[in-house]
Amino acid sequence: MKKVLAVILALTVVLGLAACAKTAAPAASTAASASAAASTSTAASASASAAASGDLTGTKDFKVAMICDSSISDGGWGAACYNAMVDACKRSGWSYEVTDSIDQSAYYESIAAYCDLGYNLIYAPGNQYTDAVLQAAEEYPDIAFALLNGAEDTPGKATNKNVSSLLPNAQQIGWIAGALAGLMTKSNTIAFIGGMELDTTLGKYKGYTEAAQFVNKDVKVLDPVYAGSFSATDKGIEFAKAMIDQGADVFFGDASAVDSGARQAIDEANKASGSVKVFDIGQPADLLGQNECVICSQVTDNSSLLTISMQAVEDGKFGGETIYGTLQNGVLSAGKMSDLVPADVQAKYLDYIDQMTKDTFMK
Amino acid sequence: MSFAANLILASVRMAVPLLFIALAELYSERAGMVNIGLEGLAAIGSLVGFLVCFVTGSAWLGILAGALVGVAVNMIYAFATITLCANQIVYGMAINIFAPALASFIYRVYFGTGSELSQITLMNGIGIPGLKDIPFLGDLLFNQTPMVYLAYLLVIVTVIYFGKTRSGLNFKSVGEHPKAAATLGIPVTKIKYVSCVLCGALAGVGGAYLTTCYANTYTEGNVAGRGFIALAAVIFGRWTGGGILLACLFFGFCDALQIRLQVANFGLPYQFFQMIPYIATVVVLSLIGAKKAGPRAGGQPYRREER
């Protein structure tokens, strides 16, 4: 009797997991090392997501699937990429599905599961999916793969020419934040917090430094720090506290939920000092108003890049190219500014943004 | 404030949630219940604590809800391992997979997938008049949230309970030799269940602390391995309240140190600093040695009729 009860209890936990979990289902199926099981549980977890995210049915007979290693409710990168897909699908009339919070070991299995289910486009938002995408692209020549933040040479590596990199210009992202940071700093010390040392993160840091030092020759940019994770809010708090101790008074980051921890610490420091003297520049959505310290945001409209990919799939012209996201084509922009940015600084900053758009900045 | 003072303050901040979770494991293991499901218990405690605080505006209710949900989820483990005598490691692992996934599901159903994280008002700190103005020590010991005082108090209570009270000795005897304890009339099964209630409550509080006293947002994965570090802290602390306090402070110190050193920038690659907590763990483990000092009946099911 006890054994029967134990089995029932175990089944309850496992079935509850399959029904509820987006996090664990793909991992669990990978552990089972059975691709058929992986397909089933990935689909199950995607269905769980469907329940949480509303209407997924498009007007056309095209569908896109997104995989993501972070959560789509992280208020940062995962959420921005997911919402970009939702927007692009609404615009293009496509259906969509998502599997998030997956382990690295489940990247390929999750992609393959969606390929087997007949999805037209696989959307992988991050450089870290490159190997899994290239492997799947070789095995599924009729399916299109869009790799957000993919390297410029990745499409060329796909033998079936069915991979495109969607590449927001990291240098320009850094410029957009750096120019404002350089103008707003009073201590002439600014900071940057990264999640992982990715190529795109380094590119953003480089652009941030260049622009800040161009608009303000006296600016010192603290070396980038890395939380080693995109969800460690507590590390964001501790990094920001330590960097404020080092004199930093403007922050920018590329670390998703870690950034929200940093913003909390900045708000606390401002509250303790009685006035808002330390600022943060948000990304990748417009975060003005989320925290008192946010003075502006660097906004990336990934949905435009994805819409271009969807159109290419519909036209049968997808693949083998890098689609850039820049200030020039409107994918990148500066968000709204807070009243904490003085009018003259706002005017100067908008002038710099104009120069960046016209490609005359730092020239 | 100096580098050292800030470092120690950061160490304490990072050690407190760990301390709650490690004490949870101590109470569990002292009754022979090796519960590796702390990560899951803290994760669900973290979410429910956040949710209740978000809805009611009360961090205290959040903490209470975190404790209750921790107990509720841990009862799955308790029933399976005590009543059904199932394997403790397997059910601990099941909790680790099940509870964070449930937390993530609940969060998404309630908050959706917006590009902004919902925020709550954290529990206010309470400074003890007079004492809080002592340089450095005032901030460290007397100007914290009530939960930090509660954590210190719990350590003291734990030390006294296991070392000086008959009830505590009975509790420990269940983890050492349950059959001998039973012959003395000690209610083994009841104590094992009580240990699971305490474990669930404290681990849930540890998780809820993260979202009601530390970070004002909830993110999936915010427990960040603390459930497993807490297991190590119990071993480092040699299954004693005082030892666990030192172990948690040590882990908190190592993490705070790597963060502060990264920021201070000594011209070394940041990976070097990120290695510090792991290197320190290996070094301390080798110094402490592998000799088992824990409860002898840890992890073993108790069957009353079995010889």
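Predicted model: local features only at pLDDT ≥ 70, side-chain atom pairs only at ≥ 80, totals over all residues.
## Helix 11 of chain A

Two residues are in contact if their C-beta atoms, placed from the backbone, lie within 7 Å.

Helix 11 of chain A spans residues 257-273. Its 17 residues reach 25 Å from first C-alpha to last. That is close to the 24 Å expected at 1.5 Å a residue. The buried residues of this helix run from Ala257(A), Val258(A), Asp259(A) and Ser260(A) through Gly261(A), Ala262(A), Arg263(A) and Gln264(A) to Ala265(A), Ile266(A) and Asp267(A). The cover over them includes helix 10 (233-245) of chain A. It also includes four strands of chain A: strand 6 (189-194), strand 9 (250-254), strand 10 (279-282) and strand 11 (294-300). Just after the helix, Gly274(A) takes a positive phi of about 90°.

## Strand 1 and its partner

Strand 1 of chain A covers residues 63-67. Four of its five residues are buried, so the strand is largely enclosed by the rest of the structure. Strand 1 pairs with strand 2 (residues 95-99) of chain A in the parallel sense, over five bridges. One bridge joins Lys63(A) to Ser95(A) in strand 2 of chain A.

## Domains of chain A

Chain A is divided into two domains. Domain 1 takes 2-168 + 302-325, and domain 2 takes 170-283 + 332-357. Across the boundary, 10 residues of domain 1 are in contact with 12 residues of domain 2. On the domain 1 side, two of these residues are nonpolar, seven are polar and one is charged.

## The largest nonpolar core

The largest nonpolar core holds 216 residues. Those that touch the most other members are Val64(A), Met85(A), Val133(A), Phe145(A), Ala22(B) and Ala233(B). Each of domain 1 and domain 2 of chain A gives this core at least three residues.

What does Ala233(B) touch, not counting residues up to four places away in sequence? Its contacts are Leu18(B), Ala22(B), Ile244(B), Ala247(B), Cys248(B) and Phe251(B).

## Where the chains meet

Contact between the chains involves 42 residues of chain B and 52 residues of chain A. On the chain B side, the elements that give two or more residues are helix 1 (3-30), helix 3 (59-83), helix 4 (88-111), helix 11 (241-264) and helix 12 (270-274) of chain B. Which of them gives the most? Helix 4 of chain B does, with 12 residues. By class, the side of chain B that touches chain A has 25 nonpolar, 13 polar and four charged residues.

Technical notes:
Residues numbered from 1 in each chain as written. Chains lettered and ligands numbered in written order. Nonpolar A, V, L, I, M, F, W, Y, C, P; charged D, E, K, R; others polar. Domains from an automatic or database assignment. Core = buried A, V, L, I, M, F, W, Y, C linked by C-beta atoms within 7 Å. Buried ≥ 20, exposed ≤ 12 C-beta atoms within 10 Å, placed from the backbone. Expected span 1.5 Å × (residues − 1). Pairing = 2+ DSSP bridges.
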